[in-house]
Amino acid sequence: MLCANPFWQFQLNAMGGYKVNVRVIVTGASGMVGEGVLHECLQCNSISEVLVIGRTPCGVTHPKLTEIIHKNFFDLTAIENQLTGYDACYFCLGVTSLGKKEAEYFDLTYTLTITFAETLAKLNKEMVFCYVSGASTDSTEKGRVMWARVKGKTENELLKMPFKNAYMFRPGYMHPTKSLQHAHKFYSYIKWMYPILKAIAPNTVSTLAQLGSAMINASLYGYPKTILEVSDINKLAERLS
């Protein structure tokens with residue numbers, strides 16, 4: 001799999017071919033989204049090395065994969081010397097807002113993400129940072145939905161950081177990848193709806209594989225928008241094989 005996008009073929013021509021030997025960092029690989037993105041990274045010929053950083057083992061082994069178990073994402077000092085020389089970060093770590101007060105959710109979403117990103121921006125000036133946000137995120141930071149405000153503030157702060165590029169991904173329903181282990185249990189009850197939603201509301205659904213491919217392609221070839229809705233994700237996920 002070459003991870004190329006026909007929509008961006010002109011960029012490939014300008015570069016004289018495919019970008020290869022890309023080194024990436026993935027977070028959240030012990031969860032559904034991160035596992036799916038990791039799966040796409042390990043299949044992509046353009047990616048030579050994948051570093052997974054997590055609080056618990058992701059349960060995957062692969063020649064391209066290195067894993068760091070690090071409990072405190074609010075302080076990366078102890079592992080900073082292992083985080084240099086990377087081209088992209090796919091930040092898939094997240095928590096649900098259900099049952100959480102705003103202060104707790106803010107700490108686990110905004111503070112944790114920004115702390116992590118600031119460290120990477122300091123160590124990797126040419127890095128592309130891809131953040132998994134969510135559909136209906138509130139860029140104004142003033143709406144009535146708590147999680148959407150916090151995600152919006154997180155996006156806004158990431159876009160100010162001195163990365164080579166930063167992209168905010170706002171997926172809707174994500175259809176899980178077969179054979180992966182960490183799909184949420186409720187997907188087993190609702191996945192039958194995917195073909196119907198894809199037919200009647202295609203801009204509300206994507207597959208987890210499409211999200212992973214879109215993140216990879218954004219970091220390899222760029223995209224004209226910094227905030228990507230579902231339609232952008234599905235367009236950017238197109239690839240040559």
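Visitor: How many helices and strands does the protein have?
Guide: This is a predicted model. Helices and strands are both present in the protein. The count comes to 8 helices and 9 strands.

Visitor: What is the mean pLDDT of the protein?
Guide: Of its residues, 87% reach 70 or more. The mean pLDDT is 89.

Visitor: What share of the residues counts as buried?
Guide: The protein has 241 residues. Buried here means under 20% relative accessible area. By that cut-off, the share is 48%.

Visitor: Are α3 and α4 roughly parallel or roughly antiparallel to each other?
Guide: Helix α3 spans residues 102–123, and helix α4 spans residues 146–160. Their axes come within 10 Å and cross at roughly 15°. Angles under 35 degrees count as roughly parallel. The two helices are therefore roughly parallel.

Visitor: Is the crossing of α3 and α4 left-handed or right-handed?
Guide: The axes of these helices cross at roughly 15°. The handedness of that crossing is right-handed.

Visitor: How many residues of the contact of α3 with α4 are charged?
Guide: On the α3 side, the contact includes Tyr105, Phe106 and Ile114. On the α4 side, Trp147, Arg149 and Lys153 are among them. The contact also has 9 nonpolar and 3 polar residues. The charged ones number 5.

How values were computed:
Residues numbered from 1 in each chain as written. Predicted model: local features only at pLDDT ≥ 70, side-chain atom pairs only at ≥ 80, totals over all residues. Heavy atoms only, no water. Axes fitted to C-alpha atoms, helices over the stretch in contact; angles between N-to-C directions. Helix = DSSP H or I, 4+ residues; strand = E, 2+ residues; numbered from the N terminus. Parallel < 35°, antiparallel > 145°, perpendicular 65-115°, else oblique. Left-handed = near helix turned anticlockwise from the far one by under 90°. Contact = heavy atoms within 4.5 Å. Nonpolar A, V, L, I, M, F, W, Y, C, P; charged D, E, K, R; others polar. pLDDT = per-residue confidence, 0-100. Buried < 20%, exposed > 50% of the residue type's maximum accessible area, 1.4 Å probe, protein only.
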